[in-house]
Amino acid sequence: MVRFVNWLRSGSLRLLVLAGIILLIWGMFSPVGTLVWWLSQEVESLGLKPKPDKQLQLSGSSNSQGQSANINCYIVFLTGVGDFSANQLLPGEEVFLNRLEQAHPNCVTVRDVFPYSAANESLGGERFLSPLWRFADEAKGWYGVADVLIKIRNLWRFAISADDRYGKVYNLGIANAIVDRMQAAHPLSQTSQQPIKILLMGTSGGAQVALAATPYLDRWLPNTQIAVVSIGGVFGGTDGFNTAEQIYHLQGQRDWVEDIGRIIFPSRWIWTVGSPFNQAVRQGRYTVHSSGPHEHDGAKGYFGMEIVGEKGMRYVDLTLQKVNQLPIWSNEK
């Protein structure tokens, strides 16, 4: 106890506390960044004007690669609030996505959408605060507690996504980023005779952003089937539930964090019977699946690399197994 008190009195912790207070104050003004992004966009890109040739712009480059001609499925992965950048996925997340691609060769994974920036910009790209984010991301030892600053910062963006006032603009930006990175991963084809599957897989706060981007994707991309897979996700009960064809929620037995969503969002309370969430539940479009003894994150989280049980399986293997059992893979060719 004495050592802990002495540590609290240390200059390094005082510095972190001061940074945290500044970050909380700064977070109150975080919608400003979203509004600045919004003002910098053209009217067409914001969806404020009809875009009848949107699909033509997306699929302007024809697919001439023989080995990838059968791609008709996009797996868009949206990270949790603890991530610094979409380009720095956890080892378990990389394993998860690599094995999904191997198991489903008709799918391509989209891994470079950062769900906590309307402009799809990593924290290292923010000029003013990038030194702070890099320090928090790379800190070791006692300084490792600094990574909570990244979580606080990303939680503000999560809150904006779920906010009725600013969410529409923010989520439109994320949807723009998703379409752009899908096109970069594999050109969207306008000649495909069968619907293209878009599987939005979000973990933690990424599930909220995935759901909130769904209405825009549904409006912009014709001939698509959109499903959302929440992997220990925290989300509200309005965005996306009227447009996603199916929403699957994977729930870890030791994950208490994912319970927060159904506590803080009134639209997920059972007595708000008219909410989009409860309508989706009654219609069978929202289902909950136990993923195993997962915690929310860490070595025993959904993408944890620690061994669980006697069969030598890792926590990430359990998640992969459960995702592969979902009916979203039917009719693969």
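Predicted model: local features only at pLDDT ≥ 70, side-chain atom pairs only at ≥ 80, totals over all residues.
**Entry 1: Threonine 79**

Leaving aside neighbours within four places in sequence, I found threonine 79 in contact with Leu89, Glu93, Phe114, Pro115, Tyr116, Thr203 and Gly206. I then located threonine 79 in the loop between strand E1 (73-78) and H5. Is threonine 79 buried or exposed? I recorded a relative accessible area of 0% for threonine 79, so this residue counts as buried.

**Entry 2: Helices H5 and H12**

I turned next to helix H5, which covers residues 91-103. I noted that the axes of H5 and H12 come within 10 Å and cross at roughly 35 degrees. The crossing of these two helices, H5 and H12, is right-handed.

Which residues of H5 meet H12? On the H5 side I listed Gly92, Val95, Phe96, Arg99, Leu100 and Ala103. On the H12 side I listed Val316, Asp317, Thr319, Leu320, Val323 and Asn324. Sorted by class, the contact of H5 with H12 has seven nonpolar, three polar and two charged residues.

**Entry 3: Valine 323**

Valine 323 is found in helix H12, which covers residues 315-324. I recorded valine 323 as buried, because its relative accessible area is 0%.

With neighbours within four places in sequence left aside, valine 323 is in contact with Phe96, Leu100, Met201, Leu250 and Trp329.

**Entry 4: Helices H8 and H9**

I then looked up a second pair, helix H8 (residues 167-185) and helix H9 (residues 206-220). Their axes are 8 Å apart, and the helices pack at an angle of about 70 degrees. H8 is therefore roughly perpendicular to H9, since angles from 65 to 115 degrees count as such. I noted the crossing of H8 and H9 as right-handed.

From H8, the contact is made by Lys168, Asn171, Leu172, Ile174, Ala175, Asn176, Ile178 and Val179. From H9, it is made by Val209, Ala212, Ala213, Tyr216, Leu217 and Trp220. By class, I recorded eleven nonpolar, two polar and one charged residues in the contact of H8 with H9.

I recorded serine 204 as buried, with a relative accessible area of 10%.

Where is asparagine 223? I found asparagine 223 in the loop between H9 and strand E4 (224-231). Phi of asparagine 223 is also positive, near 55 degrees, in a residue other than glycine. At 38% relative accessibility, asparagine 223 counts as partly exposed.

**Entry 5: The whole protein**

How many helices and strands does the protein have? I recorded twelve helices and eight strands. Of the 333 residues of the protein, 49% count as buried. The protein exposes about 16300 Å², and carbon and sulfur atoms supply 57% of this area.

I also checked contacts between residues at least 6 apart in sequence. Of these contacts, 72% join residues at least 24 apart.

Conventions:
Residues numbered from 1 in each chain as written. Heavy atoms only, no water. Helix = DSSP H or I, 4+ residues; strand = E, 2+ residues; numbered from the N terminus. Buried < 20%, exposed > 50% of the residue type's maximum accessible area, 1.4 Å probe, protein only. Contact = heavy atoms within 4.5 Å. Areas by Shrake-Rupley, 256 points an atom, 1.4 Å probe, with all protein chains shown as cover. Axes fitted to C-alpha atoms, helices over the stretch in contact; angles between N-to-C directions. Parallel < 35°, antiparallel > 145°, perpendicular 65-115°, else oblique. Left-handed = near helix turned anticlockwise from the far one by under 90°. Nonpolar A, V, L, I, M, F, W, Y, C, P; charged D, E, K, R; others polar.
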